[in-house]
Amino acid sequence: MTARAVAVSCAVALVSVFVTAVIALPLAARSAERQASDALTAQARLAAEALRPRIDRGRTVDEERIVRQLRNQGIDAYLIRAGRADRPGLPDQVVDRVAGGRNFSGLRQLAGQPTMIEGRWLPGGNGVVLARPATTGLWQEIVGWLWLPLLAGLAAGVVAGALLARRLARPISNAATAAARLRAGDRAVRVPVEPPEEAADLAYALNDLAAALAQSEGRQREFLLSVSHELRTPLTAIRGYAEALADGVVGPDGGQRAGQIMLTEAEHLDRLVTDLLSLARLEAADFALEPVPVDLDQLGRDATQTWAARCAALGVVLRTETPAVPTWVHTDPGRIRQVVDGLLENALRVVPPGATIVLAVRPPAPDEPAGAVLEVRDGGPGLADDDLAVAFERGALRQRYQGVRKVGSGLGLALAAGLVRRLGGRISAGHAPEGGARFTVWLPAVGAVPHRTC
């Protein structure tokens, strides 16, 4: 990058000098020629005025002095007396014009060389003609001096390119170093924010990425710790009873109860592993979905019949709210039932005896797309406003409320949210009028194009 910046800067400097020379050289040459012509005209006028009273007297000392002074300045002087030049060399056209009483100013060939000629007539067919070689060497002289600005431009380009490359490369080098440290696992690395604007944007992006990775990995560690605890609990119970049975500590009368406990813990363990596998498969392209037209009212009534006995055993009232007409949606009945079961289980875990759980099905609000809405509301402790934003993140609520109230593995809500999104629906958390939490699921209508977000 440094070499390219230096090369570009040098090229720009050289092109600038060249373009300036191309434009300025003709102007300078024409200006020099015009100044030389004006100077020769003024000298011709002065010489004519000085020689006017003397030119009829022949060659005088004053004439010789004037001619000698002009020659010292590189100017040849010709005196015309009675229509004839005092020495050969002038074109006849110039002599005739001045002798005829007219001035002459122009460029002619004298001795094979372009020459500027200024002639002034005097009375009686007399006159003075001054000749100076044209400034033909001016171009060569200017071009000869051109190497100096070219060299200066080249040096300036090298210095400017090196400084520019160093200025631009430093933020990129810092970003590359930070990216390498991030790849190595250093999440505390931060890139200094410095101009230009593009480099500052890159620094902000890398810093945000490092912060997001640190936060994500922190949540992942907490999630793995909670899952490890959830796995260890049923395994410990199963292992303890298995060892007791193997050692003969449990008698024939306690064998049946030990088997029931081991079966319950095994089922708990199986559900946990199933949830983990489902979460892992949610992002896979081959995740199995079979969407068909589904009567959401009937699905809600079937779920109520399944969960009614379990809720009654815990002293919880399960109520169903459905519209008067069937509500059809386009979804996978097995997967959406899995979502409903997960939300009901989550509510039943925290709802105290005597409280209510509501499973409601309703048509969409006027500002919602075509489809249907399914709600699970409860009269439990509910969620704080800060909880609503992270309710569907794996293990987020478990981390907040562990030791405060009964919590699950932290996978149920994340799995429900993932399933709803894969089905083309939307899910949100809020506050229920019953005093607890409300989870709202919108599903597309039959014939509607699912709104998929992953």
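Reader: At what angle do helix H9 and helix H12 pack, and how far apart are their axes?

Author: In this predicted model, helix H9 (residues 333-350) and helix H12 (residues 412-422) pack at an angle of about 155°, and their axes are 9 Å apart.

Reader: Why is H9 called roughly antiparallel to H12?

Author: The label applies to angles over 145 degrees, and the packing angle here is about 155°, which makes H9 roughly antiparallel to H12.

Reader: Which residues of H9 and H12 meet?

Author: From H9, Arg335, Gln338, Val339, Leu343 and Asn346 meet Leu413, Leu415, Ala416, Leu419 and Val420 of H12. By class, the residues of this contact comprise seven nonpolar, two polar and one charged.

Reader: H9 also packs on a sheet; what makes S7 and S11 the edges of that sheet?

Author: The sheet is open, with five strands in the order S7-S9-S10-S12-S11 and mixed pairing. Strand S7 (317-321) and strand S11 (426-431) each have a single partner strand, so one side of each is left without a neighbour in the sheet. From one strand to the next, the twist averages 15°. S7 pairs with strand S9 (residues 356-362) in the parallel sense over five bridges, and the bridge partner of Leu318 in S9 is Ile357. As for H9, the helix touches S7, S9, strand S10 (371-378) and strand S12 (437-444), and its direction makes about 175° with that of S12.

Reader: How do you know that strand S1 and strand S5 pair, and in which sense?

Author: Pairing requires at least two bridges, and strand S1 (residues 76-81) and strand S5 (residues 126-133) are joined in the antiparallel sense over five bridges; for Tyr78, the bridge partner in S5 is Val129. Both strands belong to an open sheet of five strands, ordered S2-S1-S5-S4-S3 with antiparallel pairing. Helix H3 (residues 92-99) lies across S1, S2, S3, strand S4 (113-122) and S5, running at about 140° to S5.

Reader: Why does Gly119 count as buried?

Author: Buried means under 20% relative accessible area, and Gly119, which lies in strand S4, is at 0% and therefore counts as buried. Leaving aside neighbours within four places in sequence, Gly119 is in contact with Val98, Asn103, Phe104, Val128 and Val129.

Methods
Residues numbered from 1 in each chain as written. Predicted model: local features only at pLDDT ≥ 70, side-chain atom pairs only at ≥ 80, totals over all residues. Heavy atoms only, no water. Helix = DSSP H or I, 4+ residues; strand = E, 2+ residues; numbered from the N terminus. Contact = heavy atoms within 4.5 Å. Axes fitted to C-alpha atoms, helices over the stretch in contact; angles between N-to-C directions. Parallel < 35°, antiparallel > 145°, perpendicular 65-115°, else oblique. Nonpolar A, V, L, I, M, F, W, Y, C, P; charged D, E, K, R; others polar. Buried < 20%, exposed > 50% of the residue type's maximum accessible area, 1.4 Å probe, protein only.
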